[in-house]
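Open the model in your viewer and keep the sequence panel beside it.

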Amino acid sequence: MALLYEKRGKIACITIDRPRALNSLDPQTFKELSDALINYRDDNDLWAAILTGSGNRAFCVGADIKDMLPMLSDIRNEWWRLPPTILRGLELWKPVIAAVNGHALGGGLELALACDLRIAAEHATFGAPEVNLGIIPGWGATQRLPRAIPYAKAAEMIFFGQRIEAQEAYRIGLVNKVVPQEQLMPTAEEWAQKLCEMPPLAIRAAKEAMIRGTEMNLEEGLMLESRLMDVVVASEDHREARDAWLEKRKPLLKGK
Ligand code: CO8
């Protein structure tokens, strides 16, 4: 096992656990990551997830250069052979928080980008060094990075492959918050808990609208928003949240 998957109440905690290889992703770890994400998606009792890495050196330094990159060259016309993850192939509308506990490089940066919220420890670094290896970011950074930060900054990170520090990542809007290392998991857990106190169907519909909306023109995006609103407005949780607001009490949410 190279990945820890724990359920704490409504929170799924996924920890890439190969600290000696700086939590790089070999084929086994990649499969375990896929399995954990699918389990999180399908378990109705889980409402928020935290993705992090073991130790305090690395969140994830991308594909394992020794064991994963050669396989990726072999299957280059058959990407469907890779198990689905949030990088590609898995639609996951439940929220995921990246707790970035060190280097987030290459595929590690791409994993963080595929999460919805990013909290970084002060010593975390971010980078897309793939061009140094004669490849390009292939797990989403050419698409998600320029959508997350200004194009010129994305081009600088991808063309030069240089790392940036957590504070710079915060300044350019790549991460939501920077905290001291010892505050990282408590902050991520606090945010996940806060998400679990929100109506889950509304959070999922909002995520789906935002993510799918980036591929649509405004008119199509507004149509999608209306369709998703039709779903949540008919939910039990909406009625309960509205009643609770009127009665000045906390809602009893069911995810229905
Ligand atoms: N793969 C495998 N092992 C790694 C990796 C990696 N990506 N990165 C580090 N390691 C290992 C090292 O080999 C070393 O192991 P050992 O002690 O057995 O020699 C151990 O981790 C510690 O590494 P260092 O000694 O190098 O530690 P430093 O603190 O000196 O440096 C760095 C840390 C800066 C993170 C450095 O290790 C580094 O630059 N690593 C490479 C990072 C990188 O280039 N990542 C991109 C990989 S390619 C990728 O992610 C592509 C994804 C998209 C694929 C798309 C297909 C569709």
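Select strand S5, residues 96–100. Which of its faces are covered? Both are: Val96, Ala98 and Val100 are buried on one side, and Ile97 and Ala99 on the other. Buried means under 20% relative accessible area, with a 1.4 Å probe and protein chains only. In a regular strand the side chains alternate between the two faces of the sheet. Strands here are DSSP E runs of at least two residues, and helices are H or I runs of at least four, numbered from the N terminus.

A note on what you are viewing: this is a predicted model, where local features need pLDDT of at least 70, side-chain atom pairs count only at pLDDT 80 or more, and totals for chains, interfaces and linings use all residues. Residues are numbered from 1 along each chain as its sequence is written, and side-chain values use heavy atoms, leaving out hydrogens and water.

Strand S3 (residues 48–53) runs parallel to S5, joined by 3 bridges. Pick Ile50; its bridge partner in S5 is Ile97. Ala98 stands opposite Arg118 in S7. Two strands count as paired if DSSP finds at least two bridges between them.

Step across to strand S2 (residues 11–16). It runs parallel to S3, with 6 bridges between them. Ile11 has Ala48 as its bridge partner in S3.

Now show the whole sheet. It is open, with 6 strands in the order S1-S2-S3-S5-S7-S10 and mixed pairing. Strand S1 (3–8) and strand S10 (177–179) are the edges, each pairing on one side only.

Finally, select the ligand and the 23 residues around it; Arg57, Val61, Ala63, Ile65 and Gly107 come nearest. A residue is near if one of its heavy atoms lies within 4 Å. Strand S6 (103–105) and helix H3 (107–113) each supply at least two residues of this shell.

- A ligand oxygen is 2.8 Å from an N or O atom in the side chain of Arg57.
- A ligand nitrogen is 2.9 Å from a polar backbone atom of Ile65.
- A ligand oxygen is 2.9 Å from a polar backbone atom of Gly107.

Methods. Buried means under 20% relative accessible area, exposed over 50%, partly exposed in between (1.4 Å probe, protein chains only). A polar contact is a pair of N or O atoms within 3.5 Å; within protein, one must be able to donate a hydrogen and the other to accept it, and residues adjacent in sequence count only if both atoms are side-chain atoms.
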